[in-house]
Amino acid sequence: MIEAADQVHHTSKDSRFCNLCGEALGATYQVYEHAGSGRRLAICNACANRKVVCTSCGAPLADGHAQLSDGRPICSSCRTSAVDDVLTARRLYEQVIGVVDRELGLRVHRRPGFGLYSHGDMQRLQAALSQSPGGGGHLLGVYTKLGSQREIAVETGLPRLLMIKVIAHEYGHAWQGENCPFLTDVQLLEGFCEWVAYKVMGAVGAEAVQTRQLMAQGFYGNALRRIVALEVEGGIEAVLHTVRSP
Ligand SMILES: [Zn+2]
Ligand SMILES: [Zn+2]
Ligand SMILES: [Zn+2]
């Protein structure tokens, strides 16, 4: 994600020219710090006011910018880590299945299908399911069960770590589908899936993401902290026991 743009006066740190259009920078301009790549962009005010921004980090984009497979504009930094093809995404799905088995001993016997969807399709899916996780946030992934058809649907173009996290969360729901028929406590349901994602993030070395998850304000942060407290007290067994027989 990109840090909020700062309006600055010229410093020797920056190029004298706009990093997007190449025009000379005026006395003031805007600076974007890309948290993912650490890249610093100095952008003239005209470019900063343009309407085309990166769908992932929000940075203004130059003419000829790249697009995700579903047409959304993306900056070159975000594009590097974006998972935008179904084969790569499926490999991440297999990876998550392996990690969840190894780290938590959880197996889903009827493995759900996996689909990578455009932003528009995910919006339509959200409307169809009329889900509002934690208050109507942006739906990045969902586990759906229609009759005997089970599927994990994920939005295309997510950064690699975020995609792994979203898949892990939804795989948690798939496991609950087979193992927790009596679980209706929404905080336990979602907290458990956040915890599965949290454990997977740890296993792939994404401690910074884990820290953000633990510190998160609101519904998901509270739900995760409840499960982590269970784990601290009684280990993974205590967590599984609680969600299996609430
Ligand atoms: Zn410019
Ligand atoms: Zn970006
Ligand atoms: Zn969930």
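Two residues are in contact if their C-beta atoms, placed from the backbone, lie within 7 Å. Keep that cut-off in mind for this tour of a predicted model.

**Start with the whole chain**

Show everything as a cartoon first. You will find eight helices and ten strands, and the C-alpha atoms fill a box of roughly 65 × 40 × 30 Å along the principal axes. Of the 246 residues, 34% count as buried. Among contacts with a separation of 6 or more, 57% are between residues 24 or more positions apart.

**Colour the two domains**

Next, select residues 6–81 as domain 1 and residues 85–244 as domain 2. Their centres, taken over C-alpha atoms, are separated by 33 Å. Where the domains meet, nine residues of domain 1 are in contact with seven residues of domain 2. On the domain 1 side of that meeting, there are three nonpolar, four polar and two charged residues.

**Stop at a hairpin**

Click on Glu 33, and then on Arg 40, its bridge partner in β3. Six residues lie between the two strands of this hairpin, and Gly 38 takes a positive phi near 75°.

Now move to residues 45–48, helix α1, where you will find Ala 48. Is Ala 48 buried, exposed or partly exposed? Ala 48 has 19 C-beta neighbours inside 10 Å, so it counts as partly exposed; a buried residue would need 20 or more. For a sense of distance, draw a line from Ala 48 to Glu 231: the two are 183 residues apart in sequence, and their C-alpha atoms are 46 Å apart in space.

**Walk along α3**

Show the side chains of Ala 89, Leu 92, Tyr 93, Val 96, Val 99 and Val 100, the buried residues of α3. Turn the view to look down the axis of α3: the buried residues fall within an arc of 130°, so they line one face of the helix.

What covers that buried side? Display β6 (82–83), β7 (113–117) and β9 (149–155), along with α5 (160–179) and α6 (186–203), which are included in the cover over the buried residues of α3.

**Finish on α8**

For the last stop, select residues 218–244, helix α8, and zoom in on Arg 244. Which residues does Arg 244 touch, not counting those up to four places away in sequence? Highlight Asn 179 and Cys 180, the two that Arg 244 touches on that count. Arg 244 has 13 C-beta neighbours inside 10 Å and therefore counts as partly exposed. One more line to draw runs from Arg 244 to Tyr 143: they are 101 residues apart in sequence and 19 Å apart in space, C-alpha to C-alpha.

Key. Residues are numbered from 1 along each chain as its sequence is written. Chains are lettered from A and ligands numbered from 1 in the order in which they are written. This is a predicted model: local features need pLDDT of at least 70, side-chain atom pairs count only at pLDDT 80 or more; totals for chains, interfaces and linings use all residues. Domain bounds come from an automatic or database domain assignment. Ala, Val, Leu, Ile, Met, Phe, Trp, Tyr, Cys and Pro count as nonpolar, Asp, Glu, Lys and Arg as charged, and the others, Gly among them, as polar. A residue is buried if 20 or more other C-beta atoms lie within 10 Å of its own, exposed if 12 or fewer, and partly exposed in between; C-beta atoms are placed from the backbone. Helices (H or I, at least four residues) and strands (E, at least two) are DSSP runs, numbered from the N terminus. The arc is that of the directions from the helix axis to the C-beta atoms. Two strands pair if DSSP finds at least two bridges between them.
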